[in-house]
Amino acid sequence: MTAPLVGPEFGSYAPDEVTWLLKDLSHVDLEADVALREKRIQSGEAHYAESLPIEYQPDAAYRELFETVLSESAPRLARAVGTVTDLVLAERGSDVVLVSLARAGTPVGILMRRWAQHVHGLTLPHYAVSIVRGKGIDSVALDYLARHHDASNIVFVDGWTGKGAIARELEAALTEYHAAGGAEFNPDLAVLADPGYCVRTYGTRDDFLIASACLNSTVSGLVSRTVLNDTLIGPGDFHGAKFYADLADVDVSNRLLDVVSAEFDNVRSDVADSLAAVRASDRTPTWAGWESVEKVQAEYGISTVNFVKPGVGETTRVLLRRLPWKVLVRESRAPEHAHIRLLAEARGVPVEEVPDLAYSCVGLIKDIT
């Protein structure tokens, strides 16, 4: 089995903040032109996890906007972090192990770990593992977790839900893993924001801007998307990823953590109110987001729901690393997607106002097959 990875040898996060259950593929040339990669994925010639997109590096104006977004949204982000962390501790106990779904879940897991430490004096183990749509979660990583921890204490963490594909993928993969003789893990996914109404453990169900969605690796510890490629990942190997050490001069990963953590004391009373409200509400997943995605798919004649990416976080990802067709927004000047409008303008992507949209915004991927 490949050994776990920690910074600064892998990633820019401190070694005690996260342990990456990944194989280091930094030496492998895996990046492909976005258009070429998209064509191969859509034609079925290749799975999206077999390669990596060339990471789009936004211009100075966008990076400046990120700083504004971070400072303005930090209190709201801290409140969601505190709410979901306290919900987990209240319902799963104080001996939980946080396991983030790399890479969007990783900064969230670190912030949850910081909250638990700062507010409750708890030092929670925190890992990052790979999950791939259509392929499941890394079973080698699950083997590692089951050997080192009580499986019932594992809490899987992600940033947000879109239409809920990863929540469904996680539950199916964990069920399959247990049926094959593996340990039994709890599939309840903890997220900061659940605008798709897909999970029962969340900090908010508002479709608000989570600053870590605004950039790629430079806000995620300089780590790439995860890679599952049979030529590189053998039996006993974790899924892979790359460490982009060459981007260190534009890395804001730890800045995001510090800016949000600095708000913890200011939001403690708000978190208490928010936690009480969440626990008193009906948290049963309705999958309302999936229904709205199917409506958009039908109205715009889109061949697959996989080309419809709902919510601020998913729309940002479409613009940063896919081939976007257009962006739909509920309000044309809403502040939570100012960065999306800037990215869309830079990439020549039309933005269309749709007042009855279930989400703040939706990104549509171009069908090039």
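Trainee: Which residue of S14 does Leu328 stand opposite?

Mentor: In this predicted model, Leu328 stands opposite Glu352 in S14. On the S15 side, the bridge partner of Leu328 is Val362.

Trainee: What makes S13 and S14 a pair of strands?

Mentor: Two strands pair if DSSP finds at least two bridges between them. S13 and S14 have three bridges, so they meet that condition. Their pairing is in the parallel sense.

Trainee: And how do you know that S13 and S15 pair, and in which sense do they run?

Mentor: Five bridges join S13 to S15, and the requirement is at least two, so these strands pair as well. S13 and S15 run antiparallel.

Trainee: Why is S13 called mostly covered?

Mentor: Five of the six residues of S13 are buried, and buried means under 20% relative accessible area.

Trainee: Which residues meet where H9 packs on H10?

Mentor: From H9 come Val312, Thr315, Thr316, Val318, Leu319 and Leu320, and from H10 come His339, Ile340, Leu343, Ala344 and Arg347. Sorted by class, the contact of H9 with H10 has seven nonpolar, three polar and one charged residues.

Trainee: Which residues of H10 are buried, and what covers them?

Mentor: H10 spans residues 338–347, and His339, Ile340, Arg341, Leu343 and Ala344 are buried there. Their cover includes helices H2 (60–92) and H9 (312–321). Strands S13 (324–329), S14 (351–353) and S15 (361–365) are also part of that cover. A handy reminder for reading such a pattern: an α-helix has 3.6 residues a turn, so residues three or four places apart point the same way.

Trainee: What follows H10?

Mentor: Gly348 does, and its phi is positive, near 70°.

Trainee: Which residues is Gln297 in contact with, leaving aside neighbours within four places in sequence?

Mentor: With those neighbours set aside, Gln297 is in contact with Ile302, Ser303, Thr304, Val305 and Val308.

Key
Residues numbered from 1 in each chain as written. Predicted model: local features only at pLDDT ≥ 70, side-chain atom pairs only at ≥ 80, totals over all residues. Heavy atoms only, no water. Buried < 20%, exposed > 50% of the residue type's maximum accessible area, 1.4 Å probe, protein only. Helix = DSSP H or I, 4+ residues; strand = E, 2+ residues; numbered from the N terminus. Contact = heavy atoms within 4.5 Å. Nonpolar A, V, L, I, M, F, W, Y, C, P; charged D, E, K, R; others polar.
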